[in-house]
Amino acid sequence: MTWTNPLTLLRHGWTRHWNPDRPVRTVVSNLPFEDLKKREQPNRRYEGNAIRTNKYRLWSFIPMNLFEQFHRMANIYFVGLAILNFVPVVNAFQPEVALIPICIILALTAVKDGWEDFRRYQTDQQLNNTPCFIFSRKQMCFVERRWKDVRVGDFVRVLSNEIIPADILLLHTSDPNGVCHMETANLDGETSLKQRKVVPGFSSLGEPFQPQTFDSTVVCENPNNNLNLFKGYVERPDKRRTGFGIDSLLLRGCMVRNTDDAAGIVVYAGHETKSMLNNSGPRYKRSKIERKMNTDVLFCVVLLFFMCLIGALGHAIWLETFSSMPSYIVPDSNGNYTPSVLAGFYMFFTMIILLQVMIPVSLYVSIELVKMGQIFFITQDVELYDEELDRRVQCRALNITEDLGQIQYVFSDKTGTLTENKMVFRRCSVMGTEYCHEENVVVPDRKLILEVDRQMASIQTGPYLDFFLALAICNTVLVSSVTAQRQRVRVNVADLAGAERVGDVLRVKGRRSSSYSGGSFHNMRQWFRKCGLGKVFTSMKFFKRGGETLADPFSIDEDDGLSGSEEVCYEAHSPDEAALIHAAKAYGFTMMERTPHYVTVKLPDEALLKFEVLDILTFDSTRRRMSIIVRHPHTKEIIMYTKGADSAIMERLGNVFSDCCSKIKCVEQWCGWKAVCFSLKVISEQEFRAWSAVRQEALSAIEEKEERLMETANFIESSFTLLGATGIEDRLQESVPETIQALRRAGMQVWVLTGDKPETAINIAYSCKLLEHEDLVFTFSTNRKVLQCQLTNASFRGYSSAFTGPLMEPSIGLVIDGPTLSMAMSDELVEQFVELCKHCRAVLCCRVTPLQKSAVVKLIRQKLRVMTLAVGDGANDVNMIQAADVGIGVSGQEGMQAVMASDFAITRFKHLQRLLLVHGHWCYSRLANMVIYFFYKNVAYVNLLFWYQFFCGFSATAMIDYWLMIFFNLFFTSAPPIMFGIMEKEVSDSTLLSLPELYKRGQHSEGYRRSTFWIAILDAFYQSLVCFFIPYWTYNGSDIGIFAFGTPMNTVSLFTIILHLAIEIKSWTAVHWVIMIGSVLVYFIVTLAYSAICISCNPPSDPYWIMHKQMADPMFYLVCILTTVVALLPR
Amino acid sequence: MMASSYNAKDEDGHLPGSVGSGGPGAVKSKKPDNTAFKQQRLPAWQPILTAGTVLPAFFMIGLIFIPIGIGLLVTSNNIKEFEIDYTGVDMSSPCFSCSQNYSWNSTSACTCSVPFTLDQPFESNVFMYYGLSNFYQNHRRYVKSRDDSQLNGDKSSLLNPSKECEPYRTSDKKSIAPCGAIANSLFNDTLELFYNHPNGSKITIHLEKTGIAWWTDKHVKFRNPGGNNNNLSSVFRDTSKPVNWHKPVYELDPSDPDNNGFVNEDFIVWMRTAALPTFRKLYRIIQKKKDNMTPTLPPGNYSLEVTYNYPVRSFDGRKRMILSTISWMGGKNPFLGIAYITVGSVCFFLGVVLLIIHHKYGNRNNSADIPN
């Protein structure tokens, strides 16, 4: 063992220091430097593992939070006003007091932010203090530390079912095969186990890992957020390099499974880990209402401007009327009077301060609160809860709830969204005979069983048997069961030397090693290929050297397998493989276990057949088939079973059974089910050997490896004998047709964008009622570009002219495929295309790429200016989900990428109905009404002050105490609208579901239009006039004081505003009552208490005892009643 | 042969609790509570505006409001009120000569006598007001120009009044008590009433000058500095009088120590700034006669003797003297009664109209088209 000279490493560190932009990071072991101070550590420049996702620290909270809040225009406006108030010539109130509303708003927001931040801090702390094992040189063993102590370069050991604390390069595992399984559910939601393999050469099997011997340098990429890409190499002191990839990296946040312990060196820690870099937090979108609302705020500003102008002019003119200054006009401190024009100019600003409430200060805060409440109720909805997945609907975007109520176009993915993406074996056709199966459960067909039994009994071979054998073994399905686990432990016998040699071979990847005997060589080869193609989902045992050691443990295993045969579980990579193998199992052909070179199948007569696997040609999308080459245990024949898509098999059939073929044709027409054909080929020994040699060469090739592998596969996969075909159905999710119908009735256009082929897509479209049988369906699908251009052009013209007539319009369906779509979306055709689409009831786009999906969404969104919603479940839908106004992810079979990109995540397509029709409608109408109400409320209240200006010489006097004015907006009248925004139920959910047409109200923005806004403003003007002038005429000429005059007005407008809301509320619950009555009570209590206490607390004007005096006066009540009734009478 | 039920969900090894919820083994269902609140199924009362509910409401309003209105109108009409303008704008007016001198600084008292006749007897207590028009006591800067803590007897504020009082804060380097524009513009006309008895004698009518301010103002809000120190002149020694005043604050009513200084009721009344530019303020109370047999003010000829100090010509103001009896609803004001009657009638009328509409068309359209 040679210790690397720390000095050289230090120098290393320095060079790194001077070249911060180096594209790679180098990591060395921390152990030699354990006792050094921090600044001498070689890896000190890399971040530690402690994470901090909270934005603020204790000391920086206030300045930082303020800074963030001042990014909002409204806040700047109010602070500006408050500052304006400090200018003596224009101040309307006590300058300090004028700061209160903005301070309260800022404080409320700060408290909210602070609380959220504190929650983040708590989770961080919890994570940072999670225990983990770090190797310590002093104690020469792994000691327990906290996550936050982990640094880059540390050696960390993770036990089974523990969460990985940082991104670790796997160097050691207890698994004899040098693999470690991890579950990435925390990262992407995929529950299947991912296999990671050790970087070979640093640990020996069966021995404890010894990090102190690690003297190499790890060179890898700088941190990035790509979860599927990682590369680098380990450089030994002797400059030997061993490469590694993502399959050696344990990712932070994942969980180690099925592996007793694993150890490795930390390469990324804390915020630099891949999972943290992927964590982008919730997204912020701005909803349509908010955009509209902002323009209305501008209207309010204009209105305010005019009111202030009136005030300023009025004041100037009023001052002009005096020949000499009366005693009630107070000169400035020098005894001079301000010229009237200048006074008017000052008055303009004073008026702005006085009437500032016109711009609803609390509106933004209230909207945020309301949305939080709405999201709470959406996520709490038990109808949107999925029992199976134990998942609620997730709201990932916090501020576009009301957009759910305005959707006009729905773009849906097909697979996994409309359908289950769970394949069900529905039909098979063997030897030209067709057998059907029930929808949910694979119940063996009686006739077919008879056939099988007959063959079993007589000849032990035949097409039926072969068919089911193919079904059972021609796949990459893994058997995971109790027995499999046990077996893994049992084979843990490979010796150290062997492992090391294996390691050596691994390092020189792809190079042929002659030191291996045929069997083990074979294993290696297989292993390489599997890893290379990234389709490893198995725990393969390759530490076998000779036939003897091989046979032994397996024979024992078979016994075990027999005893627990009913407990077999399959881990299938793709759902259709699972469907097929279950079908085979139902017919008695149970795959008992799969090892890299043996497949054991239990036959219906309980006999076990152990096939030696000679090679597996895995599935890829160009060949669209996979093959397995096995040696039959009895006949010793080499047989290749191939399965694949119908076309992929049919074109390579050798001797054709004509009737069989015609039946296969039928298979293709089976209602769009996926047809999978099985075929067989018997290969002679020498043919195989010849091929095998070529294959080996291809495998070890460095250049053009993929192509050569493909060639070899194509070579052997020819002239099959067709065994039969199966029809696999991708079941529709429950109540998809109903949901689509409901969305249709609600006025939404439903488009389906799928990567699938047109036939399947059309069939699904029919079965989910997207297309009706009486619909006129146009299919655009052409290959030649020029022709297509003309064709589509002509057809677009033709269709759009022909079907603008009302007769045909309602029932056009359009099916278009990807290439044609890109043509249609080219510049010269796009207008016509959009025009055509507007007339179509349903549009179905097949064979579209993810990019095209998002292009279509964007096109419709921009050209038609509509609200779009995209729903999808897979990674191919991410683009589309992000392009749409509202993106919905279906958390289904294909991982969580779609969910991660979405604004809302649901589990079933049918939830869309409730989410849109009920919650969308509610959120929309609630928020729209609340925003309108807020504008109304503020205008109504501000106008009271404005009317008073006509009677006080436009001097910006407020007849209501300033504190009460603040409280009025902040406390007395703020809770009811928020409650209204959260809990109002205009129409019950059952009505909304049964009458989807009600949704159209939101689509056409009927809840919140410009006209609604102006009506509300006019209403506010009327009510404020009433609220002002009835008390005015009542008290005119009497000895009423200013505040005594303002108190009834304040009270009256409180009643009016609250009762106005009460009229708007369509359903009253206990909460409503409590809040409404509570608001009124709080008003009286606060006002009474305030006017009882405040003798000289608020100089210069104190409302002492005024409320009491007023409340003792019967006139007060009479005025209140009359005014409220008159103000609300029109409603 | 067995039939196998296939369900991929069972196979994909999903471990509840491992997704999102953190620690392993935390098998906690995320199923939302099925409570009425969380499911938004709270029992709700849904008021639906139908003819059945709205029509009775209209009639109710009508039936309640009209009697209230009549009651108010009758009460208002029973209140006797007499008002006389003594500004002296016209040449013929007795106060014309006095009104020409509108400077605050004139030291010589100008008096004038305004005769008037009461046609009806005034029963019970009669309130005597002075009224000013076009006097914007509600001007923002004016309203603010006071120091409540000084008026509350705070010693430090007495000598160092609030800045709000500027420019009436100090004069001759002494602080002004009471400071501010409101105090400075205190109404300082003196009004006296005489009854010209038919037998020719001129009887002075006793005017009560206490009891005109709010009890709380007099006893809590306004207090003389130095507590019960009766020697007010020494308390206010270091202060100067407001510039427009003829006499310092401790001489407002030398005869009655409880009505002197800051607690002088005329002063307190003035300090409660009026809401509207035309206002009246209570000046004196004429107590009803003890015997209850003769009216407080019998019909006949009276004369109002005015010591004319207060200039109003600069702002085109008017000064009035008002005599009024009082009821539970305050002064005479027919507006509220008329308004109640009007609203009640309108409601009733609307109710009738809607009832007719409802009867005619209601069978066809059950949800009567009532505006919102």
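Across all chains, the structure holds 77 aromatic pairs. One of them joins Tyr195(B) and Tyr302(B). Their ring centres are 4.8 Å apart, and the planes stand at 40 degrees, a tilted arrangement. This pair links distant parts of the chain. Tyr195(B) belongs to strand β7 (residues 190-196) of chain B, whereas Tyr302(B) lies in strand β11 (residues 300-308) of chain B.

The model is predicted. For chain A the average pLDDT is 75, and 77% of the residues score at least 70. Where pLDDT is low, the predicted coordinates should not be read in detail.

Helix packing was examined in chain A. Helix α30 (residues 962-972) of chain A packs with helix α36 (residues 1070-1093) of chain A. Their axes come within 11 Å and cross at roughly 155 degrees. Angles over 145 degrees count as roughly antiparallel, so α30(A) and α36(A) are roughly antiparallel to each other. The crossing is right-handed. From α30(A), the contact uses Trp963(A), Leu964(A), Phe967(A) and Phe972(A). The α36(A) side supplies Ser1079(A), Val1082(A), Tyr1083(A), Val1086(A), Thr1087(A) and Tyr1090(A). Eight of the residues in this contact are nonpolar, two are polar and none is charged.

α30(A) also meets α35(A). Here the axes come within 12 Å and cross at roughly 15 degrees. The cut-off for roughly parallel is under 35 degrees; α30(A) and α35(A) are therefore roughly parallel to each other. This crossing, too, is right-handed. Leu964(A), Phe968(A) and Phe972(A) of α30(A) touch Asn1050(A), Ser1053(A), Leu1054(A), Ile1057(A) and Ile1058(A) of α35(A). By class, the contact has six nonpolar, two polar and no charged residues.

Helix α35 (residues 1042-1064) of chain A packs in turn with helix α34 (residues 1010-1035) of chain A. The angle is about 145 degrees, and the axes are 10 Å apart. α34(A) passes α35(A) in a right-handed crossing. Residues of α34(A) in the contact include Asp1019(A), Gln1023(A), Cys1027(A) and Phe1028(A). Among those of α35(A) are Phe1045(A), Pro1048(A), Met1049(A) and Ser1053(A). The contact divides into nine nonpolar, four polar and one charged residue.

Key
Residues are numbered from 1 along each chain as its sequence is written. Chains are lettered from A and ligands numbered from 1 in the order in which they are written. This is a predicted model: local features need pLDDT of at least 70, side-chain atom pairs count only at pLDDT 80 or more; totals for chains, interfaces and linings use all residues. Side-chain values use heavy atoms; hydrogens and water are left out. Axes are lines fitted to C-alpha atoms, for helices over the stretch in contact, and angles run from 0 to 180 degrees between N-to-C directions. Helices (H or I, at least four residues) and strands (E, at least two) are DSSP runs, numbered from the N terminus. Angles under 35 degrees count as roughly parallel, over 145 as roughly antiparallel, 65 to 115 as roughly perpendicular and the rest as oblique. A crossing is left-handed if the near helix is turned anticlockwise from the far one by less than a right angle, and right-handed if clockwise. Contact means heavy atoms within 4.5 Å. Ala, Val, Leu, Ile, Met, Phe, Trp, Tyr, Cys and Pro count as nonpolar, Asp, Glu, Lys and Arg as charged, and the others, Gly among them, as polar. pLDDT is the predictor's confidence in each residue, from 0 to 100. Rings of Phe, Tyr and Trp (its six-membered ring) pair if their centres lie within 6.5 Å; planes under 30 degrees apart count as stacked, over 60 as edge-to-face and the rest as tilted.
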